[in-house]
Each structure stands twice: as C-alpha cells, then as structure tokens.
Amino acid sequence: MEGTFSKSLNSNQLEAVTYCDGPSLVIAGAGSGKTRVLTYKVAYLLEHGYAPYEILALTFTNKAAKELTNRVRELLPNNSERLMWCGTFHSVFSRILRIEHAALGFTSTFTIYDQEDSRKLIKSIIKEFCLDDKAYNVATVNSRISFAKNRIILPSDYEKNQDLLKRDARDNMPELHRIYSAYFQRCRNTNALDFDDLLLFTYLLLRDHEDICAKYQRLFRYILVDEFQDTNYLQSRILLLLAPSGNSRLCVVGDDAQSIYAFRGADIGNILSFQKHYPQARLIKLEQNYRSTQTIVNAANSIISHNKDRIQKNVFSKLSEGELIRVMSSYSDQDESMKVLKEILRLRSLYSIDYSDIAILYRTNAQSRSFENALNQMNIPYKVYGGISFYQHKEIKDILAYFRVICNPLDEEALVRIINYPTRGIGATTLTKLRYAAAQFQIGLWQVLKTPQNYEVKISASTQNKILSFISLIEELQESLSTMGAYDLASDVIKRSGIAEELHTEKTPEALSRVENVDGLLNSIKEFSQEQLESLGNEQVSLSDYLMQASLSSSQDAVADGVPAVTLMTVHAAKGLEFDTVFVTGMEDNLFPNPNARFYPKEMEEERRLFYVAVTRAKTRCFLSYAKSRYRYGSAEMCNPSPFLCDIDSQYLSYDDEDIFSAPRVSSKPHVTSIPSPAINRAARYSRIENTSSQNYTESSMFNVKVGSYIEHERFGRGEIIEISGEGSNARAKVKFENVGEKNLLLKFAKFKQVNG
DNA sequence: CGCCCGCCCGTTTTT
DNA sequence: CGGGCGGGCG
Ligand SMILES: Nc1ncnc2c1ncn2[C@@H]1O[C@H](COP(=O)(O)OP(=O)(O)OP(=O)(O)O)[C@@H](O)[C@H]1O
C-alpha cells in the first residue's frame, strides 16, 4: 500500500496525505489532485489505526460523498469505509440531530423543510401580519433569514442588530425581524427544521451541551473537509466546536479561486481564519495541474489574475501545450446549439472521442433547452444534470407530504398540502377558518382538525365529516408505521389516499409521466430499503428514514448511468468534474457574467471564478461560445460577447473568422449601454420595439488604430500601442500601459477608446 | 367548493 | 414562453 501511495502521488500530495499529527490546510489549484489526495488520505487513515467511524469526511454534495466512499473502496476492498461518517454537512448533521433530538426538544421524526416549504410558510406569515407582499418579496425575506442563520444571528439577536434593522428599513421591510421571529417559532412548533436549521441547531447543540459536544469531539478523531472555500461562517463555527484545540486532527482542502457559492453564504474568509484559529496548521499548496493542457491552464490563470481577492498560486501544467481555446460566434441561441453539435460531430470524426467525454456548460439552467432540441434533432445521446430534481415534482411532493404528516402530524406545510389533495371537499374557506383558529388558540392545525368544536370553528356537519374521515385515514396509516416497512406503507398511502385513482383517470401524456414518477418513487423506496439492509443490516426501514434521505437529496446527485451521452449542466454543477472537451456556452454580456452582478465588484469576482471553474474542467479542448441574439422570456434579444472573453490573454485564443464585419464589439462604455432591465424589456415587447440594444453595435472603424497611438482602456487605463499583428477579427495589439505594463489585447473584444497622446 | 381563465412575473447559481 | 396565483363564475 505504501508503495501505491508514493507511486500515485507527487511529494506535496504525499505530504498532504501522510501528515496527520495536527491541523492542515491544503490549498489546491484546479486539477491539482485534491480529490485524489482526499481519497488516499482516508485510505491512509484506515490503514493507520483509525476506525472508519472515527473519521468524519464532509463534502459539498451527496454525490461527492458517494464518490469518495466508492474510491476508497477501490483502494481498500475490505469494506472498512462502510461506517465512515461521510456526507454533506447537512446530511451528517441531520444524522446527529436525529440521535440527539431530545436535547433540543425535537422528536426524532422531525421534518426537513425544503425551500418551497420555507417560502410558503414565510408567505403565510406575511399575510397573517397583513404586510404588503410587494414590499416583502418572499425570496428576499427568505434569503435574509437564511443569511442571518448562517451568521448565527438568532431572532433575538436580529432584533437588536441596528445594522440589519436599518438595512431592512431602508429596503421597505422594517418588519422583517418580526417575520423571522415568527418563522423561527413556527418551525419549532411544527417540529420542523429548514436547511439552515440543520446547521444552526447542530451548532447550538454542541455549544450548549458540553457532554454531547465532548462525545463527538472524542468520536471524530480525524475530520476532513472538502471544498472548504465554499463553507460558510456557521459551518466553520461547528468545525471549531468539533475540533477546538490548536493541534486538532483536521484537514481542510480547498481552492479560493473556485469559491462560487457566496450567494449562499460561502465565505473565502474561512480559509484565512483557519490559519488564525489553528496557527500551527501545516499549509500545503498543490500547484501542478494534471488535468489540462498548458494552454488551458495558462488561459485560466490569466482569467483569475483579474481578481483582486485571491491567494497567490502558481498553477502549472506539464502536459502538452495543446490547442488554442476557440471562440465560437453564432447568430442566435439555436445557431449556437447547431454549431456546437456540428463541432462535436467533427471532433468525433477526427479523434476517438466518446460522447461522455464531452460537456456543454452554461450559466443558467434555462439555457439547456435549445441544446436539448438540437441534440434530439441530431439524435445525439445526452443527459441533462441539475434543474429540478425527481423529488421536486408536484406528484412526488404530494406523496412525500403524506409521508411527512404520518411521521410528524405537526408538519403544517405538508398537512396544508394534502388536506384537500385529492379533492375531498375541504376547500380554501374551511382551511382559512381552521388556520385562523389555530393561530387564535396558539395551537397546532392538527389539534384543531381533530377537535374543531373546541376552538369555535363554524363548519357544516358535512365538512366536519370529511375532516373526520381524513383524520382517521392518517391515523390508521400512522398505526402501520411501527408494523409495516417503508415500501408497503408507501404503497398503502398511494392507494388509500385516492392518489392512485386520481392519477389513473387522466390519460394525457403529462398524467402518464406522473404515474411513471410515482412508480419511480416506489422503486426508489425499495432500493433504499435494500441498501439499508445490505449496508447496515437494517431489516425494517422506516418511512422517516427514507424521508430524511429524500429531503436531503438534490438534483446534483444524479449519476451517469453508463450509457455514453453528452453532459449538459450548469457551471456550478460541473465543479469538481472533468471532461476531455468542454463547451462553455452563452458567453454573453447579459448572461455570463450574470447582469445582476454587474455593479457589485465582489459578485463580479465570483462570476469570474465561475468562468475559471468552467474553463478548468477541460482536459484537452475548450470552446467558448456566444450568440448575438437569444430568446429570453419568449422574445428575441440582442446580445454582446461577454467581457470575460477579454480577460483571457489573447495568445491562448483563436476564433471563428466568418463574421469579421458583423461582429459586435464589446462596448467601451458599459455604463451607458447597460443591458435592458426586465422592466424595459417588457415595455419593449409591448411597444414592439425589437433589438433594444442596437446602440451597442459599433462600426469596424475601431480597427483604425496604429502603432504609436494612445488608448484609454476600461481597466488598464492609458497606454501606447507598440505593436499590431493579425488581421480582421484576429487583429491584436501589444500595448504598453502606464500603470500595468505590457498587455496583449484582442481588438475585437478589448474595451478601450482612442485618446490623444 | 372547485374549476378555469387570464394576468403577472421571472432567471442566476443550490444544500 | 410557462408556471403560479388570484379573481370570477358555475
Ligand atoms: N500525482 C498525480 N499523477 C497523475 N495524475 C494525477 C495526479 N494527481 C491527480 N491526477 C489527475 O489529475 C486530475 C485532476 O485531479 P482531481 O480531480 O483530484 O483534481 P482536483 O484538485 O479535485 O480538481 P478541481 O479542484 O479542479 O476539481 C485527475 O484526472 C487525476 O487523476
């Protein structure tokens, strides 16, 4: 085994794997083998006296966790990885919360609210408080509550935090703290935790219960954290509780240049504060990229060099120089899809390249559509990852809501969802009355349902009967909870609730796909039960075990099924993956970078890191593609190439020549030519003004620059042109800038204007 | 109470 | 364009 280690790892990687005496921080560039290091490190620990259950390995997605265990299994085929604590922060901590629920006053069958549940609850609170739901945008309220939780600001802290209160007041949401308070309380009352609570309550559990904290400190003799750059403050505080001492055995691995989840609270500052908390931490840098050609690595380096906020790294590749990165231009999104597919076919005719070696990446999920259409037309196999997950389909959520109410009758979001599904005559009016009573008497909805007469609810006898029969249905199913396995109970639910009948009456294609999904759900329960039996010897898998894993699984967890297919996914979803050939599509000014980031330098840097991640997924070939018009909200919109294209040192680029004269140029005055806002866009639609951004077009007279003339560049400032090479859209200029030295600019993309010497 | 039609809004990215 | 929601009617 020792031999395998030194053969498969370079000396820095080997150090990262074998240094186990104290904390370590592995700063790893893209493709430098951090996944490999983590795998070998776990194997190393298991070979050096650590029991699997003493190892806590925290990953970013469930898929990454699964892959880590699978790879360890390949290295050590003795099943020792089985009992390792390996999973996302959320899934590992929900396991702990289930064990320790009593200390916090939850039951072990607590519900996990997903974002939809959270938002519905917030919405109903806004209504209850008679607040204007225009001013109190549900998504905004939700995200502010989430940010507060991730900064460990409880409702009682929020009320005292003048900065937050001022900010809310400034944004016309002065009552936000009251919504937060109510939301917090309602979750507690309904025995429910949202995603952030899984972390927050773990933190509170460990902070306030010394004995429990000590137990887990002792249990987890070694802690590994993958994708450390995307952890948030709350997560770092939990780690600090689990590994409090300066010489704790804790190894975190990350790349600040690949931090792309700040919108969710991730904080690169965690990397810096790690060294503060653990001053003796060993810092190991991995800088050799084993994945990509030199051209790709160097191009990526030139992208990230435009960011101020970063840790200096010298990522290099010793693989071949490789091909230039090709910039493809198209007339429309449809044209873009066709061009990309033609290129795929061309590559396949030239090289032995499999469909599964190819990825089409994009900034937003909505962009997959035109590619899917084209791929279907051309009969090319493909798989779209991400988007809405299986568990987010309405019919699935409805059934899961039954499961939830059966396991946890206090779960109000689930109860409201199914009380009249399938329709059983308990309509909106009745529900309003019931909810009103529940609020008046400060009591759960379930309680009101059971004995409405006790709470002054005025409803007809027939409605009363309908409620009664619904209650007894749920109670009967609850009784089966202890006697039936998850699968049998689930089948029962689907039959007895009337869902089966409801779904089978319709014969539309959509209805058929719903039936298929429900069958899929039953299958997945069967599989889950099987897995639990095999790995843990768990004979009777309960419905609430299944619910927990269902609530925590996401669309990112889907795995390739072995059928060779082109991969379609967002750049976010591609993090950690690699492909021989990568197409980064939609490289446009109003799309990538996302227009909302435009005026926020921090967010622009995150968009740039995202671009960095995209390019570094490629092993051999990388293409950057933009379209000049794109369908958005149903109508065509003109677009300009992304400013990110000129972040890449032009020596690594080549591009399609076909439209030298019609090529739109990135404007030198981005402030004037800002993208149309959705509001303007809508106005344009109504007044039938197409081409709202035509002012962005500039005649090719811009190529009228010569050696010796002076320019003012958007970012680099003033400079003198000292050399011109290439022709048409290939023309480039070497410019000597007064402040930043010499740069190579591609005239087609560079943002500058001519000035007088 | 339930269904249907029409309007409005959106879109980052996800555990 | 398409999903979600509210208003109005049967
Ligand atoms: N020492 C090594 N020798 C040869 N190949 C290596 C070595 N280390 C890693 N690799 C290869 O380099 C590629 C990238 O490794 P890995 O996926 O572990 O990188 P990473 O740091 O996780 O990348 P990223 O952060 O960009 O997702 C993989 O194909 C891996 O097999």
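The model is predicted: local features need pLDDT of at least 70, side-chain atom pairs count only at pLDDT 80 or more, and totals for chains, interfaces and linings use all residues. Residues are numbered from 1 along each chain as its sequence is written, chains are lettered from A and ligands numbered from 1 in the order in which they are written, and side-chain values use heavy atoms, with hydrogens and water left out.

**The ligand**

- The ligand is surrounded by 18 residues, where a residue is near a molecule or strand if one of its heavy atoms lies within 4 Å of it.
- The closest of these residues are Gln13, Gly31, Lys34, Thr35 and Glu578.
- Sorted by class, the shell has 3 nonpolar, 10 polar and 5 charged residues; Ala, Val, Leu, Ile, Met, Phe, Trp, Tyr, Cys and Pro count as nonpolar, Asp, Glu, Lys and Arg as charged, and the others, Gly among them, as polar.
- Helix H3 gives the largest share of the shell, 3 residues; helices (H or I, at least four residues) and strands (E, at least two) are DSSP runs numbered from the N terminus.
- A backbone N or O atom of glycine 31 is 2.8 Å from an oxygen atom of the ligand, and a polar backbone atom of glycine 33 is 3.1 Å from an oxygen atom of the ligand.
- In glutamate 578, a side-chain N or O atom lies 2.7 Å from an oxygen atom of the ligand.
- On its own the ligand has 630 Å² of accessible area, and the protein covers 82% of this; accessible areas come from the Shrake-Rupley method with a 1.4 Å probe, and for residues only the protein chains shown count as cover.

**DNA strand B**

- Around DNA strand B there are 29 residues, and the closest are Arg363, Thr429, Thr430, Gln556 and Tyr633.
- Helix H20 (428-440) and helix H28 (601-615) are the elements that give two or more residues to the surface near DNA strand B, and H20 gives the most, with 3 residues.
- This surface has 8 nonpolar, 16 polar and 5 charged residues.

**Buried residues**

- Serine 32 lies in the loop between strand S1 (24-28) and H3.
- Serine 32 is buried because its relative accessible area is 1%; buried means under 20%, exposed over 50%, and partly exposed in between (1.4 Å probe, protein chains only).
- The side chain of serine 32 reaches the backbone oxygen of glycine 29 at 2.6 Å.
- Phenylalanine 89, in helix H5 (residues 89-104), is buried at a relative accessible area of 4%.
- From phenylalanine 89 to serine 462 there are 373 residues in sequence and 48 Å in space, C-alpha to C-alpha.
- In helix H26 (residues 543-552), 8 of the 10 residues are buried, including Leu543, Tyr546 and Leu552.

**Tyrosine 53**

- Tyrosine 53 is in the loop between helix H3 (34-47) and strand S2 (55-59).
- At 42% relative accessibility, tyrosine 53 is partly exposed.

How values were computed
Polar contact = N/O pair within 3.5 Å; in protein donor to acceptor, adjacent residues only side chain to side chain.
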